[in-house]
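Biologist: I would like to learn how to read strand pairing and hairpins in a model. Please start with a pair of strands.

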Amino acid sequence: CSSSKSVQYTGRTQGTYTVRRGDTLHHIAQRYGVSVSSLMGANGIADARDLQVGQVLTIPGYTSYAAIDNYGADYSAERPTRIFAWPVEQGQISSGFGIRNGTMHDGVDIVAPIGTAVHAAESGTVIHAGRLRGYGNVVIVRHDDHYVTVYGHNSTNLVREGESVSRGQIIGNIGDSGRTTGANLHFEVRRDNTARNPLAYLPRPDQTAGISFARNTGS
């Protein structure tokens, strides 16, 4: 899937993690799907006991869809007050937010068959409906409170720029357009031109019918 390198309307976030009280290197490495030794090497840590609260760690080559990042994707942590609706009714999260193969992946990929309906995660105004390099056919919707949601790799876009959409409205169909290895929806949540982890703004997958995590990464 694509990264924000090809999108010119926004900045990028960094592949870092800020240590919290109670964290251990083993716990952090497990969250991000990397080894403790690679995490220590990337941050010049000689002794795992030297970890400090507030320390900013670089996450090397992160690829896990199960990441817990600085925006609070951990469902046991404090959640944002803004909760969006899932943009598809059924699908598997195949790849998550974070550093993937050395580049930033600014959203989540949700695998579903070509033609599956893509729904607006919240009411708003379409600010782009067309093609973007890497994203293929993409719809971008602006919401209140400085939020934007992005829906990429569509087979078709069913709305136009300037159109008002309502929460749950069908705005496109899943496809494999753009830079992707298969049919999926690349979904992003942005606020103030900064990519946020969509999982922090969506209902828990294990409490949402039809949504699940894949066993491996992809797309």
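Modeller: Strand β9 and strand β10 (residues 147-157) pair in the antiparallel sense over five bridges. In this pair, N137 has N154 of β10 as its bridge partner. This is a predicted model, in which local features need pLDDT of at least 70, side-chain atom pairs count only at pLDDT 80 or more, and totals for chains, interfaces and linings use all residues. Residues are numbered from 1 along each chain as its sequence is written, and side-chain values use heavy atoms, with hydrogens and water left out.

Biologist: What counts as a strand, and when do two strands pair?

Modeller: Strands (E, at least two residues) are DSSP runs, numbered from the N terminus. Two of them pair if DSSP finds at least two bridges between them. β8 and strand β9 (residues 136-142) pair in the antiparallel sense over seven bridges. Here G130 is partnered with V138 of β9.

Biologist: Which strand pairs with β8 over two bridges?

Modeller: Strand β11 (residues 164-165) pairs with strand β8 (residues 124-132), in the antiparallel sense. T125 has S164 as its bridge partner in β11 and R142 as its bridge partner in β9.

Biologist: Which residues take a positive phi in the hairpins?

Modeller: In the hairpin of β8 and β9, with three residues between the strands, G134 has a positive phi near 90°. In the hairpin of β9 and β10, with four residues between the strands, D145 has a positive phi near 60°.

Biologist: How many residues of β9 are buried?

Modeller: Buried means under 20% relative accessible area (1.4 Å probe, protein chains only). Six of the seven residues of β9 are buried, so defined.

Notes. Buried means under 20% relative accessible area, exposed over 50%, partly exposed in between (1.4 Å probe, protein chains only).
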